[in-house]
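Subject: Structure handover

Hello,

Here is the structure for you to look at. Please open it first, then read my notes below.

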Amino acid sequence: MRRAAFAVAAGAMAVSLAACGSAKESGGGSSKSASPKKGDAIKVGLLLPENQTARYEKFDRPLIEKKVKELTNGKGQIVYANAKQDASLQNQQVDTMVTNKVDVLIVDAVDAAAIKNSVQKAKDAGIPVVAYDRLAQGPIDAYTSFDNETVGKTQGEALLKALGSKAKSGKIVMMNGSSTDPNAAQFKKGAHEVLDGKVNVGKEYDTKEWKPENANSNMEGAISALGKKNIVGVYSANDGMAGGIITALKQAGIKVPVTGQDAELAGVQRIVTGDQYMSVYKPYAPEAAAAAEMAVDLAQGKSLDSVAKDKVDSPTTKQVPSVLVPVTALTKDNIKDTVIKDGVYTLADICTPQYKAACEKIGLK
């Protein structure tokens, strides 16, 4: 993380968040020591939000499953469900897991507010809940994600760098994420903190369900409203939407800097070709490991003090024990030092025959 100009200082995050209060004030109370209630033969309910974004099935699920097995000497069992972007279905999935008496839940909420009652049901049944990646409402016991405002700031700073002296020569389009995702609001807030006053925002959208096709449609509308000669850049909150945006831009004959997030393979390849300027690389392994460790500790009645060094407030629960993972701005200049070095992708994954010439052009070989 130290290599990138926009890397987040994890220590600084811990210091600033620790100022929110002490462990004794925790709303969930999960950071207090307790005698172990369970051995290694625990059932961990894992609920992920959707399967359109490549990361969940490719990274999050296998990483969490592997870490739970490692921490429980192979005896821990993962009970898995994917909500496919349906908040009502996810609530049903939580209720089913509560009925089936899992020992702990790891929940990446489709809709952070809509999950609240199901989290309460789990709590009432004595099942602790780890909010994963998105800060779910309700009496959650722990949380792990990335510093989401910093993600937005990282995207905004990269876009300003790409625009240079052209920052105010035209208008940018802001393509934020879903209004039901609290992370999207934090990304947007961080980006605005960096961009406001330095660029002219011509059009701004909250993109329904984060879907690339919705971003594509929004971008077509923005081009029609603003005129293709007046658009100088696009803030896209993630890589999937960036793909839809870039398709619309290409069809209109526009080439401008576009941001992204998640370091999806297609996004990295667009960075290689120059179609996308940057992505935010979020290392999923430490996030998944933190979720698994907190879940196992909670199921076994152990303290989280050695794992969760931060505290975060949700709209409903104060001082939630948390682990926040640093992020990095990914550009063509540090692909080798980030996603390749960390084993997310190999050179062969990225530089397929279609991208071989572009890879060689930027020294990726």
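Which residues point one way from E3, and which the other way? Val-104 and Ile-106 point one way, and Leu-105 and Val-107 point the other way. All of these are buried, where buried means under 20% relative accessible area, exposed over 50%, and partly exposed in between (1.4 Å probe, protein chains only).

A word on the source. This is a predicted model, in which local features need pLDDT of at least 70 and side-chain atom pairs count only at pLDDT 80 or more, while totals for chains, interfaces and linings use all residues. Residues are numbered from 1 along each chain as its sequence is written, and side-chain values use heavy atoms, with hydrogens and water left out.

Now the sheet. Seven strands make an open sheet with mixed pairing, in the order E2-E1-E3-E4-E5-E11-E10. Strands are DSSP runs of E with at least two residues, helices are runs of H or I with at least four, and both are numbered from the N terminus. Two strands pair if DSSP finds at least two bridges between them. Strands E2 (77–82) and E10 (310–312) stand at the edges; each has a single partner strand, so one side of each is left without a neighbour in the sheet.

Back to E3. Strand E1 (residues 43–48) runs parallel to E3 (residues 104–107), and four bridges join them. The bridge partner of Gly-45 in E3 is Leu-105. Leu-47 has Val-107 as its bridge partner. E3 also pairs with strand E4 (residues 129–132), in the parallel sense, over three bridges. There, Val-107 stands opposite Ala-131.

Next, the core. A nonpolar core is a set of buried Ala, Val, Leu, Ile, Met, Phe, Trp, Tyr and Cys residues joined through side-chain atoms within 4.5 Å. The largest one has 87 residues. Ile-106 is among those with the most contacts inside it.

Last, Asp-275. This residue lies in the loop between helix H9 (265–273) and strand E9 (279–281). Asp-275 is buried, with a relative accessible area of 18%.

Best wishes
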